[in-house]
Amino acid sequence: MKIIVFSDSHRSLSGMLDTVVREAPDLVLHLGDLLCDAEELSYAYPQQRMVSVPGNCDGWTTEPAIRRIREEGRTILLSHGHLWHVKQGCHLAMLEGRKAGADILLFGHTHQPYCQQQEDGLWVMNPGPASRSYGRILLTGDSIRCELAQMP
């Protein structure tokens, strides 16, 4: 299974649209700022599975700020990150990820790409701003591979 992760798109749609076509993912995750960009993607590709969470620039919404999803037997915890104060470090986010039993923790907000597997096996990814980068997650058999990619 291939998952593409976008965050902090701030109306940078063209790269995301091209990436969805080029990567042909099974699932697209959007980590907020701006939810309307995720909506635009869903309008452009109505058959594409998508999950999104709002960011600090999304204003009032009834969408949950934190989502826990299961894909291919793996638990993924996703949020924009502002509620976890990730600009001061990702320790609280990792604590929440571990508490949720996550295999993969996803957040944005800092505009700084980051992707690393922790000693306990938890993958932590910030795909960076969608104008410059995105994340790719490959789930195959028992393996998880997370990586960053540059926007075309």
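Student: Where is the place of His85?
Tutor: This is a predicted model, in which local features need pLDDT of at least 70, side-chain atom pairs count only at pLDDT 80 or more, and totals for chains, interfaces and linings use all residues. Residues are numbered from 1 along each chain as its sequence is written, and side-chain values use heavy atoms, with hydrogens and water left out. Helices (H or I, at least four residues) and strands (E, at least two) are DSSP runs, numbered from the N terminus. On that numbering, His85 sits in the loop between β5 and α3 (91-99).

Student: Is His85 buried, partly exposed or exposed?
Tutor: Buried means under 20% relative accessible area, exposed over 50%, and partly exposed in between (1.4 Å probe, protein chains only). His85 has a relative accessible area of 48%, so it is partly exposed.

Student: What is the phi of His85?
Tutor: Most residues other than glycine have a negative phi. His85 is not a glycine, yet its phi is positive, at about 55°.

Student: Which residues of α3 are buried, and why are they on the same side?
Tutor: The buried residues are Ala93, Met94 and Gly97. The arc is that of the directions from the helix axis to the C-beta atoms.

Student: What do the buried residues of α3 pack against?
Tutor: Contact means heavy atoms within 4.5 Å. By that test, the partners are β5, β6 and β8 (123-126).

Student: Which residue follows α3 with a positive phi?
Tutor: Its phi is near 70°. The residue is Gly101.

Student: What does Ala102 touch?
Tutor: Ala102 lies in the loop between α3 and β6 (104-106). Its relative accessibility is 13%, so it counts as buried. Leaving out residues up to four places away in sequence, Ala102 touches Thr75, Leu77, Gly97 and Leu122.

Student: Which residues of α1 are buried, and why do they line one face?
Tutor: The buried set is Leu13, Gly15, Met16, Thr19, Val20 and Glu23. Seen down the axis of α1, they fall within an arc of 165°, so they line one face of the helix. The face turned away from that buried side carries the exposed residues Ser14 and Val21.

Student: What do the buried residues of α1 pack against?
Tutor: The partners include one helix, α2. The strands are β1, β2 and β9 (133-140).

Student: Which residues of α2 are buried, and what arc do they cover?
Tutor: In α2 (residues 35-44), Leu35, Asp37, Ala38 and Leu41 are buried. They are on the same side of α2, because their arc around the axis is only 155°.

Student: What covers the buried residues of α2?
Tutor: The cover includes a helix, α1 (13-23). It also includes the strands β1 (2-6), β2 (27-30) and β3 (50-52).

Student: At what angle do α1 and α2 pack, and how is that classed?
Tutor: Axes are lines fitted to C-alpha atoms, for helices over the stretch in contact, and angles run from 0 to 180 degrees between N-to-C directions. The axes are 11 Å apart, at an angle of about 40°. Angles under 35 degrees count as roughly parallel, over 145 as roughly antiparallel, 65 to 115 as roughly perpendicular and the rest as oblique. So α1 is, relative to α2, oblique.

Student: Which residues meet where α1 contacts α2?
Tutor: From α1 come Leu13, Met16, Leu17 and Val20. They meet, in α2, Asp37, Glu40, Leu41 and Ala44.

Student: How many residues of each class does that contact have?
Tutor: Ala, Val, Leu, Ile, Met, Phe, Trp, Tyr, Cys and Pro count as nonpolar, Asp, Glu, Lys and Arg as charged, and the others, Gly among them, as polar. The contact of α1 with α2 has 6 nonpolar, no polar and 2 charged residues.

Student: Which residues does a cis peptide bond join?
Tutor: Most peptide bonds are trans. Here omega is about 25°. The cis bond joins Asp33 and Leu34.
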